[in-house]
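Trainee: I would like to go through this model with you. Where do we begin?

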Amino acid sequence: MDLYDNFFMLAGPVKIHPRVLQAMSRPAFAHRSPEYSAIIGECKEHLKYLFQSKNDVAIISGSGTAGVESVISNLLDKDDTLISIGGGKFGERVGQMAEVFGKCVKVPVEWGKAVDLEELKKTAEEHPDAKAIALCHNETSTAITHPAAEVGKIAKKHDMLFVLDGITSVGGIEVKPDEWGADFTIMGSQKCIAAPAGLAAVSVSKRGYDTLYPKKTYYLNLKKHIDRINKDNQTPYTPAIPLIIGLRECLIMLREDGLENRIAYNARLGQATRNAAKALGLRIFPDERFVSNTVTAIWYPEGMNDKEFRGKLKKDHNVIIAGCQDHIKGKVFRIGHMGLARFEEMAATFAAMETVFRKMGYADFTPGAGVGEIVKGME
Ligand SMILES: Cc1ncc(COP(=O)(O)O)c(C=O)c1O
């Protein structure tokens, strides 16, 4: 496998553009310098564009989970309750995190389905003292995009804060923190903006900021991060300097492309991917009314071995796609199409998938049927 030139179709990390790699390869320099403050200041402004919100932003050195933890750990004390919506690995993880710092009421969701809004309303009514509702907007493990605007309305009606894990939606799917009343929206660098892994950013409303405990955590103290970036475009502790330089380049590229164009491209690519899977006689895993446009989850044909299939794709064709976790492991696979993923790469992915499927004994489709759908979507 050629590590430098492959088809990297994961739901994050995603392929990094050479411009970003180049921007990061420079000698070390002092993070407390005016030059570096200017870089953070630029990132701050571009992040407000990315989040489509005037809210304050914090840049956290750490992966997406650090961004989520910077919110949950400073929002909940041991007697505070979070209503957490499940339905996949990442939604459920927020619930687990809430139990570490406070209390959690879980709204279970069957994997592959979107949250049942009636059940959520009932839970909010039964727990009027809950401090916040948390939703993983784009549940990457099941390829579902939950109706975040509706969840925001329920939070507002019950005067609860709204925490939105937008790690695989911000920059790839429409996210409107202000309109939806999201007090905390979190993104991860290695996903839709195609930056290297290792940074998270959090968009925080005024109300959200005022509700945070000032001294519950140290490194992940979200208030401190916001205060410092607002004061002098700095971070409280040494940031991941090269990653922030890479982040800036990604955000410049995002502005060049335009957020709306990126979102529209992802939507077309997502639709073409689903059409291509169906043209091969495959079934989409999640409820199609709520499918994600940044990742697609597909049932394997009967009897197909996940490890062998993905292994051959990688070894023989340099195509890398993802499996699944927990009870759908081995039964469903995922193709990421976020970041800078292109139709041309998806066509190559389906060409390889068709070949491997046929080799492994699944041939209930006309050769080229999947690739054809990608080509149609590209026109
Ligand atoms: C929706 C979502 N939330 C949270 C995470 C965790 O982010 P990280 O692995 O960057 O800590 C992921 C990672 O894939 C994700 O997709």
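Mentor: Start with a definition: contact means heavy atoms within 4.5 Å. This is a predicted model, where local features need pLDDT of at least 70, side-chain atom pairs count only at pLDDT 80 or more, and totals for chains, interfaces and linings use all residues. Residues are numbered from 1 along each chain as its sequence is written, and side-chain values use heavy atoms, with hydrogens and water left out.

Trainee: Which residues does Ser61 touch, not counting residues up to four places away in sequence?

Mentor: Ser61 sits in strand S2, residues 56-61. Strands (E, at least two residues) and helices (H or I, at least four) are DSSP runs, numbered from the N terminus. With that sequence limit, the residues touched by Ser61 are Gly198, Leu199, Tyr219, Pro239 and Ala240.

Trainee: Is Ser61 buried or exposed?

Mentor: Buried means under 20% relative accessible area, exposed over 50%, and partly exposed in between, with a 1.4 Å probe and protein chains only. Ser61 has 19% relative accessibility, so Ser61 counts as buried.

Trainee: At what distance does the side chain of Ser61 reach the backbone nitrogen of Ala240?

Mentor: Ala240 is among the residues that Ser61 touches. The side chain of Ser61 comes to the backbone nitrogen of Ala240 at 2.9 Å.

Trainee: What is the volume of the second largest cavity?

Mentor: On a 1 Å grid over the protein atoms alone, a cavity is a set of points where a 1.4 Å probe fits but cannot get out; lining residues have an atom within 4 Å of a point. Points are joined across faces, edges and corners, and a volume is the space filled by probe spheres set on them. Ser61 is in the lining here, along with others including Ile59, Tyr219 and Pro239. The space in the second largest cavity is about 40 Å³.

Trainee: Which residues line the largest cavity?

Mentor: There are 2 cavities of 30 Å³ or more. The largest has a volume of about 70 Å³. Its lining consists of Phe8, Met9, Leu10, Val14, Lys15, Gly336, Met338, Leu340, Ala341 and Glu345.

Trainee: Which residues lie nearest the centre of the largest pocket?

Mentor: A pocket is an open set of points with protein on both sides within 12 Å along at least five of seven lines. The largest pocket has a volume of about 380 Å³. Strand S1 (7-8) and helix H1 (18-24) each give its lining at least two residues. Of the 17 lining residues, those nearest the centre are Leu3, Tyr4, Asn6, Lys15 and Ile16.

Trainee: Which residues have the most contacts inside the largest nonpolar core?

Mentor: A nonpolar core is a set of buried Ala, Val, Leu, Ile, Met, Phe, Trp, Tyr and Cys residues joined through side-chain atoms within 4.5 Å. The largest one has 50 residues, and those with the most contacts inside it are Leu50, Ile59, Ile83, Ile85, Leu120 and Ile133.

Trainee: How far apart are the C-alpha atoms of His46 and Ser189?

Mentor: His46 lies in helix H2, residues 34-51. His46 counts as buried because its relative accessibility is 12%. Along the chain, His46 and Ser189 are 143 residues apart. Their C-alpha atoms are separated by 13 Å.

Terms used: A polar contact is a pair of N or O atoms within 3.5 Å; within protein, one must be able to donate a hydrogen and the other to accept it, and residues adjacent in sequence count only if both atoms are side-chain atoms.
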